[in-house]
Amino acid sequence: MLRIAITGSPGVGKSTVCRNVLKQLTCTYGGMVSADIRVKGERVGFEIRDIATGRQGILAHKEGTGPRVGSYHVNLADLNNIGVAAIRNALNSELVVIDEIAPMEFKSPEFIRAVEEALDSDKNMLVVLHQKSSHPLAERIRREFRVYTATRENRERLVYEIAGKTDTLKTITVK
Ligand SMILES: Nc1ncnc2c1ncn2[C@@H]1O[C@H](COP(=O)(O)OP(=O)(O)OP(=O)(O)O)[C@@H](O)[C@H]1O
């Protein structure tokens, strides 16, 4: 069983490493990924996407009503209906991907439960983990996962290092 976490400073390229590792894999995978929402270059929020279905929503936005993390309001409806559902459905594939596990996501008890279910399963997992969070779930992942810290210097090499570790996942899946 493979359990890999990518961590590092804000904006260093963690999500990009995760996306580029996925491009190298031939196993089945599912889960959630996130990306910036930018208006005229300025980040105003984050979108969330179910890898398997392509369903998209808003994870957090500067304008909103949900619980606050920094200058963003977390959209619990989309986090639960899209992100949490994506994690649960990913339990049917060979690899569960979660980008990312961080203070915004911790505002949802359902998200925490879904990640715990994945952790308690025998599934391979690739996650992006917030570097500073001391949430018990973040601490558990630091204990149980092989953690790679992305930097500007290593972020390209890291893709191949992690993809190399996932050799067992480069199987041709016959459906
Ligand atoms: N290897 C790279 N070469 C050039 N630009 C990169 C590379 N990796 C990431 N970037 C750029 O850096 C920015 C941040 O990347 P990314 O979103 O992957 O970082 P992150 O660490 O996941 O960010 P956050 O802390 O906001 O989650 C993006 O604009 C991305 O295009």
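A: Let us begin with E100, which is found in strand β7, residues 95-101. Please keep in mind that this is a predicted model.

Q: What kind of peptide bond joins D99 and E100?

A: The bond joining D99 and E100 is a cis peptide bond, with omega at about 10°. D99 also takes part in a polar pair: its backbone oxygen lies 3.1 Å from a polar atom of the S34 side chain.

Q: And where does S34 lie? Is it buried or exposed?

A: S34 lies in strand β2, which covers residues 29-39. It counts as buried, because its relative accessibility is 12%, and the cut-off for buried is under 20%.

Q: Turning to the ligand, which residues are around it?

A: The residues around the ligand are S9, P10, G11, V12, G13, K14, S15, T16, R43, E100, R155 and E156. E100, the residue joined to D99 by the cis bond, is therefore one of the residues around the ligand, given that a heavy atom within 4 Å is what counts.

Q: Which helices supply at least two residues of the shell?

A: Those are α1, residues 14-24, and α5, residues 155-165. The largest share, 3 residues, comes from α1.

Q: What polar pairs does the ligand make with S15, R155 and E156?

A: For S15, a polar backbone atom is 2.8 Å from an oxygen atom of the ligand. In the case of R155, a polar side-chain atom lies 3.3 Å from a ligand nitrogen. With E156, an N or O atom in the side chain is 3.0 Å from a nitrogen atom of the ligand.

Q: How much of the ligand does the protein cover?

A: On its own the ligand has 630 Å² of accessible area, and the protein covers 62% of that.

Q: New topic: cysteines. How many disulfides does a search of the whole structure find?

A: The search finds 0 disulfides.

Q: What about K40: where is its place, and what is its phi?

A: K40 has its place in the loop between β2 and β3, the latter being residues 42-50. Its phi is positive, about 50°, although K40 is not a glycine. K40 is exposed, with a relative accessible area of 88%.

Q: And A138, buried or exposed?

A: A138 counts as buried because its relative accessibility is 0%. Its place is in helix α4, residues 136-144. The C-alpha atoms of A138 and I162 are separated by 20 Å, and the two residues are 24 residues apart along the chain.

Q: Last one: which feature does UniProt place at residues 1-151?

A: UniProt, in an unreviewed entry, places the feature "domain: AAA+ ATPase" there. In the model, residues 1-151 are 31% helix and 36% strand, and the end C-alpha atoms of the span lie 26 Å apart.

Key: Residues numbered from 1 in each chain as written. Predicted model: local features only at pLDDT ≥ 70, side-chain atom pairs only at ≥ 80, totals over all residues. Heavy atoms only, no water. Polar contact = N/O pair within 3.5 Å; in protein donor to acceptor, adjacent residues only side chain to side chain. Areas by Shrake-Rupley, 256 points an atom, 1.4 Å probe, with all protein chains shown as cover. Helix = DSSP H or I, 4+ residues; strand = E, 2+ residues; numbered from the N terminus. UniProt positions renumbered as here; feature names shortened; annotations may be inferred. Disulfide = S-S within 2.5 Å. Buried < 20%, exposed > 50% of the residue type's maximum accessible area, 1.4 Å probe, protein only.
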